[in-house]
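Good morning, and thank you for joining this group meeting.

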Amino acid sequence: MAGMNFFDFHQQVAQRKRAAATPRALVEAGGAGPVASVSVSELTATIDRALKSGVPSGVVVRGEASNFKRHGASGHLYFTLKDSEACIDCVMFKSEAVRLKFQPGDGMELLATGRVGVFAKRGNYQLYVARLDPLGQGALELAFRQLKAKLEAEGLFDAEAKRPLPAYPRRIALVTSRETAALQDMLKVLRRFPWLHLLLFHVPVQGDGSAEKIASALHDINRNAEELGGVDAIVLARGGGSLEDLWEFNEEVVARAIAASDIPIVTGIGHEIDTSIADLVADHHAHTPTEAAQVVSANWRTAAEETEAIAIRLRREIFGRLEQARRGIANIERHEVFRRPLDRVNLLRQLLDHRQREISQTLGARLRKLQVFLHSQGKRLDEHRPGLTILRWRNRLDARSDMLRRLMSQRLRICQDRLANLVGGIRERHPRHAIGLALQRIGMTEAALHRIARELCLNRSQRVQTLNLQLEALNPQKVLLRGYSITTLKKTGAIMRSSEGVKAGDKLVTRFADGQVESVVENSRLMTVFD
């Protein structure tokens with residue numbers, strides 16, 4: 001029982017139960033004595049015992065792997081080892097398969113360590129493998145090459161995937177073990193710069209489960225960077241050792257955590273000759289922890305000299321800019337405007353006189369046009385009823401007068417605004433008394449223009465009133481009010497200016513101031529009025 005494992009014990013108990021429940025029958029075998037019959041299970045158990053007694057409990061089998069597959073639900077590995085003459089089925093349970101450092105596959109030359117047993121369900125023997133090693137090379141070396149080829153195909157080693165290191169990091173996260181000499185080596189370098197904020201994340205750097213803890217620490221730093229006050233760079237470091245000691249940094253979970261980091265990562269793992277998967281994925285690979293610390297603080301060592309050089313260049317640039325500004329001011333002082341400032345004022349005066357002449361010419365042309373128009377309208381008034389026409393033209397004249405005043409005011413405002421802008425532009429370069437004289441002249445011109453406009457409007461209004469009085473005096477209605485009447489022939493409407501054009505029997509219409517009457521001529525010498 002001491003050398004029996006769980007599977008052997010379980011199979012032996014099952015065989016005993018089956019043997020107790022199965023009756024033995026005696027049969028005749030070719031005249032020989034009676035032979036006891038056995039069940040398939042009993043025969044299989046007998047073969048299994050024979051194999052266990054005849055084959056050592058632990059064997060190492062060399063062969064080529066084929067038909068390799070992993071059962072999805074259980075995680076067990078099933079494959080065949082073969083050579084040129086024979087083959088044997090192999091199974092490796094999940095509890096042993098999870099400890100493999102490499103990925104076995106078809107065509108590999110493997111050394112399988114395990115025991116030979118019988119699989120009763122199928123009635124065949126197979127090798128129960130407890131350990132697999134690649135033939136001709138170490139398992140760790142093969143696992144390293146396999147993972148390296150896989151990650152390289154995914155682009156994790158490409159230069160484009162590398163994040164640039166900050167030139168002057170202030171907060172640096174150190175991911176290592178606090179008991180290692182690597183931490184002390186990094187602190188010797190980084191403590192030269194007391195303004196640096198160092199955050200230590202203690203993780204195991206060797207042993208089972210260390211890779212997951214390292215990856216978890218990297219994820220936590222990225223996830224909680226803001227709560228930590230911001231992290232500029234991460235240093236992942238460990239001292240030297242064998243390939244087995246450094247293997248945790250060759251795990252895929254660590255490589256993917258480094259690739260997923262948003263914060264630049266510098267690795268310093270092992271000695272100068274050691275290169276891990278983590279080094280290949282990291283943004284910068286330092287050969288030792290000391291070199292990693294020197295990399296992240298490289299620019300701080302020369303910061304004082306660079307600051308002094310920048311200060312010198314800045315002073316030189318400032319002095320150059322000041323000298324350039326002085327030359328510009330000197331050129332401005334020699335400008336024509338400053339040597340003869342009155343030229344600009346005289347130009348503005350000339351422009352103002354030109355504008356005044358334009359306004360006068362425009363107003364004169366408008367007034368002449370109105371005079372011609374009023375003259376023509378006066379002639380038309382003589383031919384038509386003057387009452388309503390005079391009122392209409394009086395309104396039109398008032399509208400034109402209003403429009404003329406608005407145009408004059410608008411022109412004056414435009415001139416005033418333009419002059420104000422020009423005055424504002426030369427105020428700092430021109431004597432103030434000259435500007436005051438220009439403003440006085442503008443005011444006098446404005447007053448003269450308003451006076452001329454008022455006089456023109458008054459003259460035209462008086463002219464219209466005179467024409468109105470003349471028209472009123474010539475109004476026929478006024479004549480009728482003085483006792484006169486107008487007689488017309490009803491048939492033709494002709495005005496009877498003499499009794500000679502009237503004969504007996506003609507009907508006449510006589511118009512008075514307050515109405516009209518109709519009459520019939522009986523005698524051209526004597527007329528009778530009918531109601």
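At what angle do helix H5 and helix H9 pack, and how far apart are their axes? Before I answer, please note that we are looking at a predicted model.

Helix H5 covers residues 181-190 and helix H9 covers residues 289-296; the angle between them is about 30°, and their axes lie 8 Å apart. Angles under 35 degrees count as roughly parallel, and H5 and H9 are therefore described as roughly parallel to each other. Their crossing is right-handed. On the H5 side, the residues that take part are Ala182, Asp185, Met186, Val189 and Leu190, and they meet Pro289, Thr290, Ala293, Gln294 and Val296 of H9.

How close do the axes of helix H6 and H7 come, and at what angle do they cross? The axes come within 8 Å, and the crossing is at roughly 10°, with H6 spanning residues 210-223. H6 and H7 are therefore also roughly parallel to each other. From H6, the contact involves Ala211, Glu212, Ile214, Ala215, Leu218 and His219, while H7 contributes Val253, Val254, Ala257 and Ile258. The residues of the contact of H6 with H7 divide into eight nonpolar, one polar and one charged.

Where is Gly239 found? Gly239 sits in the loop that links strand E10 (233-238) and helix H7 (252-260). With a relative accessible area of 23%, Gly239 is partly exposed. Setting aside residues up to four places away in sequence, Gly239 touches Ala182, Leu246 and Gly270. Ala182 is one of the H5 residues that meet H9. Asp185, another H5 residue in that contact, is 54 residues from Gly239 in sequence, yet the two C-alpha atoms are 9.5 Å apart.

Is Val281 buried or exposed? Val281, which lies in helix H8 (residues 277-281), is buried, because its relative accessible area is 5% and the cut-off for buried is under 20%. Its contacts beyond four places in sequence are Leu151, Leu156, Phe157, Lys162, Ala255, Ile258 and Ala259. One of these, Ile258, also belongs to the contact that H7 makes with H6. Val281 and Phe157 are separated by 124 residues in sequence and by 5.3 Å in space, C-alpha to C-alpha.

Two further residues deserve a brief mention. Phe373 is part of helix H13, which runs over residues 342-383. At a relative accessible area of 28%, Phe373 is partly exposed, and it touches Trp393 and Arg396 when residues up to four places away in sequence are not counted. Gly515 is in strand E15, residues 515-520. Gly515 likewise counts as partly exposed, at 33% relative accessibility. Ser485 is 30 residues from Gly515 along the chain, and their C-alpha atoms are separated by 10.0 Å.

Let me close with the chain as a whole. How many helices and strands does the protein chain have? There are 16 helices and 16 strands. The chain has 531 residues, of which 32% count as buried. Its accessible surface comes to about 34,000 Å², and 55% of that belongs to carbon and sulfur atoms. Finally, among contacts between residues at least 6 apart in sequence, 59% join residues at least 24 apart. The pair of Val281 and Phe157, in contact and 124 residues apart in sequence, illustrates such a link. Thank you for your attention.

Key:
Residues are numbered from 1 along each chain as its sequence is written. This is a predicted model: local features need pLDDT of at least 70, side-chain atom pairs count only at pLDDT 80 or more; totals for chains, interfaces and linings use all residues. Side-chain values use heavy atoms; hydrogens and water are left out. Axes are lines fitted to C-alpha atoms, for helices over the stretch in contact, and angles run from 0 to 180 degrees between N-to-C directions. Helices (H or I, at least four residues) and strands (E, at least two) are DSSP runs, numbered from the N terminus. Angles under 35 degrees count as roughly parallel, over 145 as roughly antiparallel, 65 to 115 as roughly perpendicular and the rest as oblique. A crossing is left-handed if the near helix is turned anticlockwise from the far one by less than a right angle, and right-handed if clockwise. Contact means heavy atoms within 4.5 Å. Buried means under 20% relative accessible area, exposed over 50%, partly exposed in between (1.4 Å probe, protein chains only). Accessible areas come from the Shrake-Rupley method with a 1.4 Å probe; for residues, only the protein chains shown count as cover. Ala, Val, Leu, Ile, Met, Phe, Trp, Tyr, Cys and Pro count as nonpolar, Asp, Glu, Lys and Arg as charged, and the others, Gly among them, as polar.
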